Amino acid sequence: MFQHLAKQLPRCGRNLLKSVLQDSTRNTRNMANVAVNGMNINYEKAGSGSSVALCMPGAMGSALTDFGAQLKSLAGPELTLVAWDPPGYGQSRPPARQFPPTFFKDDALAAAEVMKTLGYERYHVLGWSDGGNSAVILAALRPQSVSKLVIWGANAYYTDKLGNVVKAMRNIEDWSEADRAPMLELYGEDYFRSMWTEWVDVTLAFKDVSNGTCMRETREVQCPTLVVHGAKDEYFEMEDPEYFVKNIPNAKLHVFPEAKHNLHIECADEFNAVVSEFLAGR
């Protein structure tokens with residue numbers, strides 16, 4: 001949904017998130033940008049493996065805020081990670097972020113172009129929350145490029161529960177300081193307030209769209225897929241990951257019983273181990 005849920009993390013999760021962000025400039029990683037469709041897209045690259053995975057962040061997210069723990073520990077001699085900032089997010093500004101009804105597909109196509117420009121013909125895709133929806137679309141549209149897919153905190157359609165939660169989050173004055181401050185620091189108040197309000201309005205409209213966010217594309221995914229779910233996710237019930245598993249032919253589900261929406265931060269070591277095993281085919 002969005003990357004900072006500090007008040008909902010146990011203390012160990014909060015400390016992990018803090019340490020990941022503090023360590024982000026000290027790890028052996030490459031931050032760079034690439035020109036795609038007239039835009040300068042920021043990305044972080046870590047690891048040196050011949051196997052490559054693209055990391056797609058959630059709403060308002062960036063490579064470092066959403067995937068610091070994976071860039072730090074999942075990437076390595078066997079796996080190279082490329083984590084990007086979608087157009088208008090993180091350091092991929094300008095342009096200002098736009099939210100047309102096709103923004104999930106737009107991000108999928110832009111991400112595919114980033115990987116093509118960087119010279120990667122085949123790669124895995126890891127997508128969280130909004131990035132998970134775009135990852136499903138990318139896998140469906142580019143089956144020749146996507147080897148394996150990992151998604152968590154994603155939704156093929158909008159449930160009443162999700163709609164109610166999103167509506168309750170619309171006013172950032174109602175957020176905790178722990179949630180609001182990092183976003184204001186990253187984006188500035190005016191830009192973030194405008195972007196968040198537009199995101200809420202556009203995403204709520206998906207409830208009335210026959211294809212939801214990616215229902216048709218879900219059925220078109222051909223690659224092996226791992227669907228990960230935190231049983232205590234604040235936004236999604238089990239029906240959301242189960243929809244993906246039932247509609248993607250070669251999909252399996254892994255549930256973290258005590259984890260929430262940002263399980264890859266809260267349970268980073270366990271998450272990284274599960275993903276590493278899946279990508280390696282073990």
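**Exercise 1.** Which helices each supply at least two residues of the lining of the second largest pocket?

*Solution.* Before we start: this is a predicted model, where local features need pLDDT of at least 70, side-chain atom pairs count only at pLDDT 80 or more, and totals for chains, interfaces and linings use all residues. Residues are numbered from 1 along each chain as its sequence is written, and side-chain values use heavy atoms, leaving out hydrogens and water.

Step 1: the helices are α3 (103–117), α4 (130–141) and α8 (215–220); helices are DSSP runs of H or I with at least four residues, and strands are runs of E with at least two, numbered from the N terminus.

Step 2: lining residues have an atom within 4 Å of a pocket point; a pocket is an open set on a 1 Å grid over the protein atoms alone, for a 1.4 Å probe, with protein on both sides within 12 Å along at least five of seven lines.

**Exercise 2.** Find the residues where α2 meets α11.

*Solution.* Step 1: the axes of α2 (residues 63–73) and α11 (residues 268–280) come within 10 Å and cross at roughly 65 degrees. Axes are lines fitted to C-alpha atoms over the stretch in contact, with angles from 0 to 180 degrees between N-to-C directions.

Step 2: A69, Q70 and S73 of α2 touch A268, F271 and N272 of α11, contact being heavy atoms within 4.5 Å.

**Exercise 3.** How is the pair of W152 and F271 classed: stacked, edge-to-face or tilted?

*Solution.* Step 1: rings of Phe, Tyr and Trp (its six-membered ring) pair if their centres lie within 6.5 Å; planes under 30 degrees apart are stacked, over 60 edge-to-face, the rest tilted. This rule gives 16 aromatic pairs.

Step 2: the centres of W152 and F271 are 4.6 Å apart and the planes at 55 degrees, so the pair is tilted.
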